[in-house]
Amino acid sequence: ITHNGGHIHEAISTQPWSGEANVHVSIVNWSKVEPVSYYLDNHQVSQINSSLKPTLDVSQSPRLKANLSQCFQGVIPVGKGFLVSEKQVDEWIKQEPKNTDVLKLFSMGANLAKNPHGKPERWIIDFNDMSLEDASEYKLPFEHIKVNVKPEREINRMKVRRENWWKMGSNASIMREYIVKKSFYFAVPEVSKWAVFVPCPCDWLPGNKTKVVASDDYYILGILLSNIHRTWMHTQKSTLKADIAYTHNTCFETFPFPQTPSQELVKKIRKTAGELHEYRSQQMEKKQWGITKLYNQFFNEPSSQLYQLHQKLDKLVMEAYHFQADDDILEKLLTLNLELAEKEKRGETVIGPWSPYS
């Protein structure tokens with residue numbers, strides 16, 4: 001509508017459906033003629049963008065080449081039989097220690113949000129890109145897949161999934177290639193209240209309900225945890241319910257990273273993000289809380305260390321962008337996004353999710 005000359009003049013961004021289905025819906029009214037007034041969620045506003053927000057419309061901001069192949073969706077098993085219990089894992093390893101090669105903790109959105117440190121509680125059989133012959137050498141896991149996955153795969157409409165029944169349906173090969181080079185990676189639930197990135201060990205296999213950033217630099221974590229990234233993310237996210245739907249192509253690949261931060265600022269952001277990670281880890285361990293509960297309790301409490309560390313981080317990241325306190329953050333980010341896209345078209349270098357001094 002908005003990209004073809006239409007105007008959204010009245011909308012309800014989200015509300016529970018009045019019928020029996022347990023879903024949320026949006027209601028939109030639009031016109032070809034420019035309206036005199038705009039109403040969003042029964043309040044008069046100056047504009048309504050295509051994300052049903054009263055802010056600048058950034059939905060057409062181009063994806064930046066510098067950000068491509070840096071943020072990924074995890075694997076999609078396509079077969080419940082890939083998932084196994086911890087008890088089963090322990091038994092298989094006890095019988096044959098080499099089975100540890102193909103048994104991994106499976107990280108999805110729920111554990112990242114609810115468990116201390118985001119630790120997964122589920123396990124998955126992962127033969128990655130092994131040949132049938134190599135996979136069959138892990139006898140117990142292989143037989144489990146043969147019995148519990150193969151029959152389902154044999155009727156799958158996709159030939160590649162029928163023929164490669166012992167492998168994941170979507171293997172996220174590029175993601176694996178990138179994170180294997182790192183000490184750890186950063187992950188965020190695809191859908192959550194806070195969309196807070198957490199560092200994860202590389203031996204946690206990310207599932208499709210997570211988004212993975214292939215970086216182990218706390219400077220990048222600092223940028224992703226900052227108010228500047230949250231501002232962009234909130235504008236690009238899905239509008240339904242209060243949760244944030246973090247997508248790699250809209251929230252991450254369009255996001256302009258700082259281009260000319262000083263080396264000193266990069267170090268300060270890296271150090272502060274590390275302090276924030278240590279604080280969160282200690283609190284989650286002590287209280288046995290997940291990251292969502294921690295942020296629910298303390299993020300909006302000015303006296304809390306969580307609040308104060310985020311404020312400190314936000315100030316540093318603002319300096320890295322050379323933004324002022326009274327700037328319209330969204331407008332500045334959109335301008336920077338468009339500038340960087342033009343630079344890429346001219347073949348000029350653009351800084352993506354990495355330190356300019358690494």
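## Close-up views of a predicted model

**View 1. Helix α8 (residues 218-225) lies across β9, β11 and β13 (210-213), running at about 15° to β9.** For angles, axes are lines fitted to C-alpha atoms (for helices, over the stretch in contact), and values run from 0 to 180 degrees between N-to-C directions. Helices (H or I, at least four residues) and strands (E, at least two) are DSSP runs, numbered from the N terminus. This is a predicted model, so local features need pLDDT of at least 70 and side-chain atom pairs count only at pLDDT 80 or more, while totals for chains, interfaces and linings use all residues. Residues are numbered from 1 along each chain as its sequence is written, and side-chain values use heavy atoms, with hydrogens and water left out.

**View 2. Here's an open sheet of four strands, in the order β5-β13-β9-β11, with antiparallel pairing.** At the edges sit β5 (71-73) and β11 (198-201), each pairing on one side only. Neighbouring strands in this sheet are turned by 40° against each other on average, direction ignored. Two strands count as paired if DSSP finds at least two bridges between them. Zoom in on β9 (residues 184-189) and you'll find four bridges joining it to β11, with the two running antiparallel. Phe186 stands opposite Pro199 in β11.

**View 3. Helix α4 (residues 139-148) has the buried residues Pro141, Phe142, His144 and Ile145.** Down the axis of α4, these buried residues fall within an arc of 160°, so they line one face of the helix; the arc is that of the directions from the helix axis to the C-beta atoms. On the other side of α4, Lys139 and Val147 are exposed. Buried means under 20% relative accessible area and exposed over 50%, with partly exposed in between (1.4 Å probe, protein chains only). The cover over the buried residues includes α1 (86-95), β8 (122-125) and α5 (150-153).

View 4. His144 has a relative accessible area of 18%, so it counts as buried. Skipping residues up to four places away in sequence, His144 touches Gly81, Leu83, Val84, Trp92, Ile125 and Val149. Contact here means heavy atoms within 4.5 Å.

**View 5. In the largest nonpolar core, with 93 residues, Phe127, Phe197, Ile228 and Tyr321 touch the most other members.** Helix α13 (residues 305-321) supplies the largest share of this core, eight residues. A nonpolar core is a set of buried Ala, Val, Leu, Ile, Met, Phe, Trp, Tyr and Cys residues joined through side-chain atoms within 4.5 Å. Beyond neighbours within four places in sequence, the contacts of Ile228 include Phe255, Val317, Met318 and Tyr321.

**View 6. Time for the rings: the whole structure has 17 aromatic pairs.** Phe197 and Tyr246 have ring centres 5.3 Å apart and planes at 85°, so the pair is edge-to-face. Rings of Phe, Tyr and Trp (its six-membered ring) pair if their centres lie within 6.5 Å; planes under 30 degrees apart are stacked, over 60 edge-to-face and the rest tilted. Phe197 and Tyr246 are both buried. Then there's Phe255 with Tyr321: their ring centres are 6.4 Å apart and their planes at 65°, so this pair is edge-to-face. Both Phe255 and Tyr321 are buried. Ring pairs also link Phe127, Tyr138, Phe142, Trp165 and Trp166 into a cluster.
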